[in-house]
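Colleague: I would like a close look at one part of this model, with the cut-offs spelled out as you go.

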Amino acid sequence: MYNIYRALRKNGVIGINERNVRYVSALNPRKYFYKVDDKEVTKTLAAAAGIPTPELYGVIKDARDMKRLPEIMDHSDGFVIKPAQGSQGKGIFVVEGPLKGGWRLSSGRRVDLDDIKFQINNMLSGMYSLGGQPDKALIEYRVKFDDIFGKVSYKGVPDIRLIVLKGIPIFSMVRLPTAESDGKANLHKGGVGVGVNIATGLTARAMQFDRLIDIHPDTAHPLEDIQAPYWEDILLMAAKSYDVTGLGYIGVDVVLDREKGPLLLELNARPGISIQIANRRGMREVLERAMSLSATNRTAKERVQIAKELAIELNPIGA
């Protein structure tokens, strides 16, 4: 066991304890957690900073709001219902559009108004929220994902996760839905994580269930050398997320819409560490270099440039 630990340390891999102590606890004041734990608050902060997010159609907080539900859901191209304080994709309803007096979910299943009300009531009760606290349901624009990842994704909406330290984007991966993950870009459920070069936006290596892979398990399409579009915009969105939250170590999740471009999906004050496996490289060296820089007084654009220079200097994947 000690030899394994030494090998991981040598390769710069950080563990959960190191992440919690050196980065989450040290850089993320708890008084700011509400800014990322409540997705409605995140949307408001992002809008003020010019960071685009999926349009919010409405919020259901109680039985009175439920009376407005049919009006809020009146969108022929579908919508998404999600718990404001949910995590790991739990409880999310992705509705593609109307179907025979009801609605069709992304899985193809038909649901009616009572089914949707039941799901929303579960959200309000706190079934999917952090700590099981009473919650609210957000109904928002359904992302039509960019075709760039269409060949390497199974249904659902792929997203891009970036780790940002003191406003500097340091690591990134694309998360791809699979049949095993039920069309959700969730690594815990079997989604695929593909490392992305911060300097270029090109994909490189990939993993599923902590195993290294080269092709998508459902589409059999190669996962390397795919250029993420709008890469400069995505990096800038990630850098700005630090400015609006005051949190020094965050995960930034971005989706690519074929009409609207990159949209901020959510922020995370406790991002996981499996991104290291997707990139086949530990984060410690990049984290330590970024920590040594006085970047907090720089503009978001300047921090993006620092991110690229660090990526090239430290020779990450594909550089």
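This is a predicted model: local features need pLDDT of at least 70, side-chain atom pairs count only at pLDDT 80 or more; totals for chains, interfaces and linings use all residues.

Modeller: Residues are numbered from 1 along each chain as its sequence is written, and side-chain values use heavy atoms, with hydrogens and water left out.

The axes of helix α2 (residues 16–27) and helix α10 (residues 284–292) cross at roughly 25 degrees and come within 13 Å of each other; helices (H or I, at least four residues) and strands (E, at least two) are DSSP runs, numbered from the N terminus, while axes are lines fitted to C-alpha atoms, for helices over the stretch in contact, with angles from 0 to 180 degrees between N-to-C directions. On the α2 side the contact (heavy atoms within 4.5 Å) is made by E18, R22, Y23 and L27, and on the α10 side by R284, L287, E288 and M291. These residues of the contact of α2 with α10 divide into 4 nonpolar, no polar and 4 charged (Ala, Val, Leu, Ile, Met, Phe, Trp, Tyr, Cys and Pro count as nonpolar, Asp, Glu, Lys and Arg as charged, and the others, Gly among them, as polar).

Turning to the sheet, 7 strands form an open sheet with antiparallel pairing, in the order β11-β10-β9-β8-β7-β12-β13, where two strands pair if DSSP finds at least two bridges between them. At its edges stand β11 (211–213) and β13 (261–268), each of which pairs on one side only, and neighbouring strands of this sheet are turned by 30 degrees against each other on average, direction ignored. Within the sheet, strand β8 (residues 168–176) and strand β9 (residues 192–196) run antiparallel and are joined by 4 bridges, with V174 standing opposite V194 in β9.

Helix α2 also packs on this sheet, where it touches β7 (159–165) and β12 (249–257), and the direction of α2 makes about 85 degrees with that of β12.
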